[in-house]
4 protein chains.
Amino acid sequence: MTGRGVGTGGAAGDTAQSPVTVTHHRVGYADTDQMGRAHHARYLVWCEVGRTEYMRSRGRSYRSIEADGILLPVARVEIDFRAPLGYDGRVRVETRVLRFRSRMITFSHGMTVAEGTGEGLLAAVARTTVVATDRDGRARTLPDSLREALLTDPRDSA
Amino acid sequence: MTGRGVGTGGAAGDTAQSPVTVTHHRVGYADTDQMGRAHHARYLVWCEVGRTEYMRSRGRSYRSIEADGILLPVARVEIDFRAPLGYDGRVRVETRVLRFRSRMITFSHGMTVAEGTGEGLLAAVARTTVVATDRDGRARTLPDSLREALLTDPRDSA
Amino acid sequence: MTGRGVGTGGAAGDTAQSPVTVTHHRVGYADTDQMGRAHHARYLVWCEVGRTEYMRSRGRSYRSIEADGILLPVARVEIDFRAPLGYDGRVRVETRVLRFRSRMITFSHGMTVAEGTGEGLLAAVARTTVVATDRDGRARTLPDSLREALLTDPRDSA
Amino acid sequence: MTGRGVGTGGAAGDTAQSPVTVTHHRVGYADTDQMGRAHHARYLVWCEVGRTEYMRSRGRSYRSIEADGILLPVARVEIDFRAPLGYDGRVRVETRVLRFRSRMITFSHGMTVAEGTGEGLLAAVARTTVVATDRDGRARTLPDSLREALLTDPRDSA
């Protein structure tokens, strides 16, 4: 579920390197629309699962982050759809951290066809940004411990 | 949006007569699946909107009921699908109260094709039951004032 | 993913015994509503995945059944919600065939908390019925080969 | 439902001026997540309804465009979320055409709080791009008649 990826870093605050978390989804009937492909809004949910599993893989479940009083609502989403994902196909989502700033985290998500015809084909690329707030919606600063946890590949500590 | 309907009452606690609230929905692309019709799970959301607007029409928005500390989670759902609803079609939902007990309310929902080919055709019938709980999930008794509000057609008071 | 279950059979056409397929889902943020639990409409999607994986486990993917010209739209749904499923919880869905008639199949679905507090607790029970039609919505008879495939546990043939 | 808006035009192919279509949505329970606000993926569906109603308002329903053999799958989505939309709130969506090229159309969507506290507050801005394909996914050129229909405010012809 976890590997090493190369970010697009350079500017201060960008992550030169981030671990990668891989998640998979099967395109179910409920995910399709009458074009017979996964509806585009569904990809946002796959990105969300990618972020959640990315955090869990680093030992900081989003549930525990919320329990600590930090919410991470989505502030921005950008998706390019490249190839359709048909019914019953499987999609592989690679999630990594692209930028970690004091009050926001930007994730990148690469989605590829994971099975059958077109395996390996790029289906979509996305960037999603979450911002840190408290329960009342006021901006919060992300703790250093979270930064460290999210940017460290647990395999490095072996 | 509001009319008078006849329930199926008889047993104690059943409502011999309940007002009716009518809501409409357009079947959007996101609602369809690859059969080119509204996905069956979507009907539950239309029933939910029906219950919400039923309460609002009686002067008791669900939001205000929750603000008073009463939650109404869904305890049971039963739907019979009779005729498919195609993309871009319109559905008309008639919601009424079928039973009002001390701790639960059962709604009935009749869904018909509202436009175009097949207008008036029965698309689905549903019954949904909500139970009263507090924020911690403990059973609550529904206040008499709510019973009175939900079973009174505001046009009667004119 | 596959085990043996005991049906509720008796009447002709009922399945005295059906294999069981087990699927799991994590309750994501998109699945929750403001009560902080999985929204009730989401359970229908889990049942749908259960039916799909049940068929796949028996060697007849729903995709291949559709390719043979048989569609299986949902005709009836019945769900009892017993215990809420909180955010980030895992649910285990046991799907079996309850009845296999010439033109319809009824599945039963038992959903339990799969992890953490309340593990093993019954979250919901459902019955879903699909009917066989052709692409134009006309009733079709289900082929015997499908009946045989769906009611045979592949482990029996070992 | 229809007004006049000012685009951001300039470059060839950009629309100096596009009509505007306004749609409204009530944030239902199914739209919320456990933060008690509309889930971010839901906004994409509101944009989709915006595009659909924009086309219908210009006399070219998307259904009729599909019937003519032109599909308009979503190729790109960009959304900035500015202010949360709470349960039972109403959102107003202003949709206009930002760019009309030979094979793609970019829409802009401005979403504002439509009722109650914060009325008029900007909730989100989005750009969505659809591309023209045939049923087999091959690129198509958009007919001039469609361009003319979509960029003409019907009130102008009065």
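This passage describes the fold of chain A, its contacts with chains C and D, and the setting of one histidine in chain D.

The structure is a predicted model, in which local features need pLDDT of at least 70 and side-chain atom pairs count only at pLDDT 80 or more, while totals for chains, interfaces and linings use all residues. Residues are numbered from 1 along each chain as its sequence is written, and chains are lettered from A and ligands numbered from 1 in the order in which they are written.

Chain A holds three helices and six strands, where helices (H or I, at least four residues) and strands (E, at least two) are DSSP runs numbered from the N terminus. Along the sequence these elements follow the pattern β-β-α-α-β-β-β-β-α. Of the 158 residues in chain A, 42% are buried; a residue is buried if 20 or more other C-beta atoms lie within 10 Å of its own, exposed if 12 or fewer, and partly exposed in between, with C-beta atoms placed from the backbone. Two residues are in contact if their C-beta atoms, placed from the backbone, lie within 7 Å. Among contacts in chain A between residues at least 6 apart in sequence, 65% join residues at least 24 apart.

We turn next to chains A and D. Their contact takes 17 residues from chain D and 17 residues from chain A. On the side of chain D that touches chain A, the elements giving two or more residues are α1 (40–57) and β3 (74–81) of chain D, and β3(D) supplies the largest share, eight residues. By class, this side of chain D has 12 nonpolar, two polar and three charged residues; Ala, Val, Leu, Ile, Met, Phe, Trp, Tyr, Cys and Pro count as nonpolar, Asp, Glu, Lys and Arg as charged, and the others, Gly among them, as polar. Strand β3 (residues 74–81) of chain A is joined to β3(D) by five bridges, and the two run antiparallel; strands pair if DSSP finds at least two bridges between them. Within this pairing, R76(A) has D80(D) in β3(D) as its bridge partner.

Chain D superposes on chain A (RMSD 0.0 Å) by a rotation of 180° with 0.0 Å of shift along its axis, which is the relation of a two-fold axis. In chain D, the C-alpha nearest the axis belongs to E78(D), 2.2 Å from it. Copies are superposed by least squares on the C-alpha atoms of residues with pLDDT of at least 70 in both. Because 100% of the interface residues of chain D are also interface residues in chain A, the copies meet through the same surface.

The contact between chains A and C takes 11 residues from chain A and 11 residues from chain C. Helix α1 (residues 42–57) of chain A gives the most to the side of chain A that touches chain C, with four residues. That side of chain A has five nonpolar, three polar and three charged residues.

Finally, H39(D) lies in the loop between β2 (17–26) and α1 of chain D. This residue counts as buried because H39(D) has 25 C-beta neighbours inside 10 Å. Leaving aside its neighbours within four places in sequence, H39(D) is in contact with A30(C), D31(D), T32(D) and D33(D). H39(D) and R60(D), 21 residues apart in sequence, are 30 Å apart in space, C-alpha to C-alpha.
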